[in-house]
Amino acid sequence: MYFFSYETDLPEGVGFSHFGPVHLLWLTAIVLCIVLLSIFYVKKSKKRQCMLNKALAWTMCGILAAEHVVLLVTGHQTIYQIPLHLCTMMPVICLIFSYTRWDWAGQTIYSLGIVGAMLALLFPDWNMYPQWNYMNLTGFFIHTGLILFGVWQLAGKTVIPQMKAMWKPVVFLAAVVPPIYLIDRWLGTNYLFLMEGSLGSPLQVLYERLGNMYIPVYAALVLAVITIEYLPWLRKKRHAVSEESRL
């Protein structure tokens, strides 16, 4: 009934709550799909894995493109749907990586794409939509695809996280955050949640409690998360070196 309805056209109460039955059902299905598809992926040859990577990247980009077509047709395409959120930029980076294997893209997918998509699935900002709405389906499918793509790269060892490469996603953020911040200030948007946190998310709590210190603490938190993501790989490398020295 509300499949093509935009949030401004929806009555109240048709969405779902964070960690309610609908949300938990989605999360359970997503975990199962990622596990099963990753098992399927690792059993394939390198050539077939490469094809699957490209297919998944193109699928994510196609879903986003289809969303914008729907928004244009229904008259809801505005400045608030420019693909400047991390999870709308990341499918393009996945597509680039699937053809080039550039390490900067791979490290960015690992350190930002996976955790960003996980947080978006845990605290979706599209929960005002009913379950069978194209915006809701797009939100869940895209973020699931981002996690799956990242897991595939780790499983296939096309991305090997290294502490010495941590500067690559940091430089990516340094390049994209300042202009997006200026766009947010100019257009009154909230891309990358730089102006305020997403409703119902931990970032909202930070924004409400920190006020003007929100962005500095937000930046420090992102750097801390990236560092934590790389620490297990540093220990793994040290363990491997230790084992070699014993031989």
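1. Helix α2 has 28 residues, and its first and last C-alpha atoms lie 40 Å apart, close to the 40 Å expected at 1.5 Å a residue. The model is predicted, and the points below should be read with that in mind.

2. Which residues of α2 are buried? They are Gln49, Asn53, Leu56, Ala57, Met60, Cys61, Leu64, Glu67, His68, Val70 and Leu71. These buried residues pack against α1, α3 and α5. After α2 comes glycine 75, with a positive phi near 75 degrees.

3. The largest nonpolar core holds 58 residues, and the members touching the most others are Met90, Cys94, Leu146, Phe149 and Ile180. At least two residues of this core come from each of α1 (21-42), α2 (46-73), α3 (86-100), α4 (103-122), α5 (134-155), α6 (167-187) and α8 (214-246). The helix that gives the most is α5, with 10 residues. In soluble globular proteins, nonpolar side chains tend to be buried together.

4. Phe149 deserves a separate look. Apart from neighbours within four places in sequence, phenylalanine 149 contacts Asn53, Leu56, Ala57, Met60, Cys94, Phe97, Ser98 and Ile109. Among these, Asn53, Leu56, Ala57 and Met60 are buried residues of α2.

5. Valine 35 belongs to helix α1.

How values were computed. Residues numbered from 1 in each chain as written. Predicted model: local features only at pLDDT ≥ 70, side-chain atom pairs only at ≥ 80, totals over all residues. Heavy atoms only, no water. Core = buried A, V, L, I, M, F, W, Y, C linked by side-chain atoms within 4.5 Å. Buried < 20%, exposed > 50% of the residue type's maximum accessible area, 1.4 Å probe, protein only. Helix = DSSP H or I, 4+ residues; strand = E, 2+ residues; numbered from the N terminus. Contact = heavy atoms within 4.5 Å. Expected span 1.5 Å × (residues − 1).
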